[in-house]
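Have the model open in your viewer and keep the selection tool handy. We will go from stop to stop, with something to select at each one.

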Amino acid sequence: SANMKTVSDPAVLDIGGVQVAVTSTDILFHLGKEEISYPPRNGDRMSRLASHLLQQGSMYPLYPASEEINLDLERLEQFGMLDQTPHIMLLPSDLNTFVREVSGVTVINPGRLTKGSGPGTYSLLKMRKGEGGK
């Protein structure tokens with residue numbers, strides 16, 4: 001279908017000139033389990049976790065990877081590196097849902113569509129052209 005496109009996971013999509021980085025891996029949860037050198041309760045934890053991806057230029061900056069996932073490092077290098085800073089990052093996680101601005105990037109954790117046997121959460125993102133068609 002013209003409305004459907006398959007992409008890698010993770011991926012950086014160009015949607016009308018807007019760079020959107022997406023993944024289904026719960027990288028925020030994995031980073032949160034591994035983060036050890038921070039002052040407790042200092043600053044916004046979710047923004048700090050998301051900033052690691054931007055600072056390291058990778059959609060999965062942990063090595064070795066969590067035992068919970070099967071990570072193909074060659075494919076990560078091919079599809080999961082952030083060659084340029086995206087405008088939007090979609091990082092679904094079991095952690096609390098949020099929308100934050102981190103270093104000029106809109107970071108969204110829409111949560112999970114299902115949680116256990118019950119309903120979860122999702123985000124509906126609408127983009128429109130600004131003045132001058134941009």
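Start by selecting Leu 90, which touches Val 20, Ala 21, Val 22, Thr 23 and Ile 108 once residues up to four places away in sequence are set aside; contact here means heavy atoms within 4.5 Å. Leu 90 sits in strand β3. Helices (H or I, at least four residues) and strands (E, at least two) are DSSP runs, numbered from the N terminus. Leu 90 is partly exposed, at a relative accessible area of 24%. On this scale buried means under 20% relative accessible area, exposed over 50%, and partly exposed in between, using a 1.4 Å probe and protein chains only. Now draw a distance from the C-alpha atom of Leu 90 to that of Phe 29: the two are 61 residues apart along the chain and separated by 14 Å.

A word on what you are looking at: this is a predicted model, in which local features need pLDDT of at least 70 and side-chain atom pairs count only at pLDDT 80 or more, while totals for chains, interfaces and linings use all residues. Residues are numbered from 1 along each chain as its sequence is written, and side-chain values use heavy atoms, with hydrogens and water left out.

**Next stop: Ser 93**

Move along to the loop between β3 (88–90) and β4 (98–102), where you will find Ser 93. Is Ser 93 buried or exposed? Ser 93 is buried, with a relative accessible area of 0%. Show its side chain and you can pick out a polar contact with the side chain of Asp 26, at 2.6 Å. A polar contact is a pair of N or O atoms within 3.5 Å; within protein, one must be able to donate a hydrogen and the other to accept it, and residues adjacent in sequence count only if both atoms are side-chain atoms. The side chain of Ser 93 also reaches the backbone nitrogen of Leu 95, at 3.0 Å. Beyond its neighbours within four places in sequence, the contacts of Ser 93 are Asp 26, Leu 28, Phe 29, Asn 109, Gly 111 and Arg 112.

**Helix α1**

Now select α1 (27–34). Its buried residues are Ile 27, Leu 28, His 30, Leu 31 and Gly 32, and what covers them includes α2, β4 and β5. Not counting residues up to four places away in sequence, His 30 touches Thr 25, Tyr 60, Leu 62, Ser 66, Glu 68 and Ile 69.

**Helix α2**

Select residues 45–56 for α2, a helix of 12 residues that reaches 17 Å from its first C-alpha to its last, close to the 16 Å expected at 1.5 Å a residue. That expected span is 1.5 Å times one less than the number of residues. Colour Met 46, Ser 47, Arg 48, Leu 49, Ala 50, Ser 51, Leu 53 and Leu 54, which are buried in α2. The buried residues of α2 pack against α1, β3, β4 and β5 (105–109).

Gln 56 also belongs to α2, and counts as partly exposed at 48% relative accessibility. After α2 comes Gly 57, whose phi is positive, near 65°.

**Backbone details**

Then go to Ser 103, in the loop between β4 and β5. Ser 103 has a positive phi of about 50° although it is not a glycine, and it is exposed, with a relative accessible area of 64%.

**Last stop: the largest pocket**

Finish at the largest pocket, which holds about 190 Å³ of space. Of the 14 residues lining this pocket, Asp 9, Pro 10, Thr 25, Asn 70 and Leu 71 are the closest to its centre. On a 1 Å grid over the protein atoms alone, a pocket is an open set of points where a 1.4 Å probe fits, with protein on both sides within 12 Å along at least five of seven lines, and lining residues have an atom within 4 Å of a point. Grid points are joined across faces, edges and corners, and the volume is the space filled by probe spheres set on the points.
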